[in-house]
Amino acid sequence: MTYIIEGSTGPWEIVVGLEVHCQVVSNSKLFSGASTKFGNDANSNVSLVDAAMPGMLPVINAECVRQAVKTGLGLKAQINKESVFSRKNYFYADLPQGYQISQFDKPIVGKGTIILDMPDGTTKSVGIERLHLEQDAGKSMHDQDPKYSHIDLNRSGVALMEIVSDPDIRHPEEAGAYLTKLRAIVRYLGTCDGNMNEGSMRCDANVSVRRPGEPFGTRCEIKNVNSIRFVMQAIEIEAKRQVEVLESGGEIIQQTRLFDQRLGETRAMRSKEMAHDYRYFPDPDLLPLVFDDAFIAEIEKTLPELPDEKKARFINENGLSAYDAGVLVAEKEKADYYEIVAKGRDGKLAANWVITNLFGALNKAEVGIAESPVTAENLGKLIDLISNDTISGRIAKDVFEIMIETGGDPEKIVEEKGLKQITDTGAIETAIDEVIAANPDKVQEIRDGKDRMLGWFVGQVMKSTGGKANPGMVNKMLRDKILG
Amino acid sequence: MSSLDKETVRRIAYLSRINVSEEGLTELAGDLTRILDFVEELQEVDVEGCEPLTSVADLTLPLRKDEVTDGNIQQKVLSNAPMTDAGCFVVPKVVE
């Protein structure tokens, strides 16, 4: 896909790299034994280490290390058996240490790749530059008091994985696809819950523009955008701003900017002007983090089937299109649901019901797959009822509507409402005879060669049987009776 | 010879949130320059093939189990704060 901004002096291309902070799923913090639980009383999940009391020493959480390695393996990335923690120095009210413990020149995970599934069914690969472990800061609240800010350190010291992409993204939609895929991967792995609105996944976007084929321009960093849609919007708006600046003879100044979704603009963050000088140095409180191949192999054994592999299996074994397979694997819960429906049944038919009917209904009701009123088992049963000719496809749609409303079992619904397909020749014959008797003129039309009138008769018979007659049988018997 | 000017020292002092007087800046610039000169002298040592050392002890990082063993000491955490409210530290407004 190409994305070109047509300026007044010619075309511009955008270059984007993303930095994503993923909160690591663990019980306790990266360097202290305080809980990571969300929503507890302010400052109750805080140890003296997290509050940066003098003399407190950090001790690393093994699970956070395993989660970072697991994520690295999921990104098909290089795992560094030796890595080093450094201090990133800056002052802010919610950073009690006056520095963040992070990794600088020796991160735990090196180069990797993410395959993007674009909406048109094509794929594109984006490089991962690195993944490193670091501490989260506390939370500042500015709206409690006109003169003061309130600080809660519950989040202070929670483990984050910062995942940095190469500047390979050339389209706002690719940025969206990147975040969607990264979120799917960490969710499949169980290393981060991926909830952007709760802040457990946060994204900074580095955006620059250039003439196609020319070297990279100066970039600006847009901080902390909290939804995939806003990231795409922020990139579009920032790129347009840069083109306007350049075309009016100005220069792009490398700076940190804030996206204001209400005003639809980005603006410079004043407080960050001096902040780029972080004066990193190795943290003297922490020895190098070293592990062996056996440690990695142990984690490798716990890797689940990841979205790309699942997608390939759905295409190759279930005969799905790349697009349908992509839709199903986008969320693990969706793929799991589909697999229960498809088990022992026609994979393509199952995919149609899940994607078109179920996802359609869920979207309309604005609920996720986890809240689906129709269980995968019941949707499977419904498909069986069609396959074994108990009900017609048309009736199945009605039954599905009832299932969405009541969450009921399709077999019971069919039983209770008397929706079973009529395959009894006698009953169908009676219905046909009645329709023929009532419409002698139309029967004559068919006999005169107006074949398509036959469809009208099928419709009438179906109507008089409440849609329960087997359409194939009705068709054949009508033909025999009128033309036979 | 490397030499640090007063402006660079002012910037470093600001980044470290250390308040230094004008005269102090000149003095510090001299001290820091002498330290850098000493480091420059060390640079002359041939370290070809030597891995950079991050710690003098030949040890690696001990790992701890992922268990909740700390926290729930809100009173203790806040006990040195000049101002608190509703379990939070209260500080002069910092906002964009």
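Q: Are A:E13 and A:R210 buried or exposed?
A: This is a predicted model, in which local features need pLDDT of at least 70, side-chain atom pairs count only at pLDDT 80 or more, and totals for chains, interfaces and linings use all residues. Side-chain values use heavy atoms, without hydrogens or water; residues are numbered from 1 along each chain as its sequence is written, and chains are lettered from A and ligands numbered from 1 in the order in which they are written. Relative accessible area sets the class (under 20% buried, over 50% exposed, partly exposed in between; 1.4 Å probe, protein chains only). By that rule, both A:E13 and A:R210 are buried.

Q: How many residues apart in sequence are the parts that A:E13 and A:R210 tie together?
A: The two side chains form a salt bridge (a Lys or Arg side-chain nitrogen within 4 Å of an Asp or Glu carboxyl oxygen), with N to O at 2.8 Å. A:E13 lies in strand β2 (residues 10–23) of chain A and A:R210 in strand β12 (residues 201–210) of chain A, so the separation of the parts they tie together is 197 residues. Strands are DSSP runs of E with at least two residues, helices runs of H or I with at least four, both numbered from the N terminus. The parts joined are therefore apart in sequence by 197 residues.

Q: Which helix holds both A:E238 and A:R241?
A: The closest N and O atoms of their salt bridge are 2.8 Å apart. A:E238 is buried at 0% relative accessible area, whereas A:R241 is partly exposed at 22%. The two lie 3 residues apart, about one turn, in chain A's helix α3.

Q: Which helix of chain B contains B:E22?
A: B:E22 meets B:K6 in a salt bridge, N to O at 3.1 Å. Because B:K6 lies in helix α1 (residues 6–15) of chain B and its partner in another part 16 residues apart in sequence, the pair ties the two together. B:K6 is partly exposed at 33% relative accessibility, and B:E22 likewise at 39%. The helix that contains B:E22, residues 22–43, is α2.

Q: Which residues are joined into one network by salt bridges that share partners?
A: Over all chains, the structure holds 41 salt bridges. Those that share partners form one network of A:D117, A:K181, A:D308 and A:K311.

Q: How many residues line the largest cavity?
A: The count is 1 cavity of 30 Å³ or more, and the largest has a volume of about 80 Å³. Among its lining residues, A:Q97, A:Q135, A:D136, A:S156 and A:G157 lie nearest the centre. The residues that line this cavity number 13.

Note on methods. 1 Å grid on protein atoms, 1.4 Å probe; cavity = no way out; pocket = protein on both sides within 12 Å on 5 of 7 lines; lining within 4 Å. Points joined across faces, edges and corners; volume = space filled by probe spheres on them.
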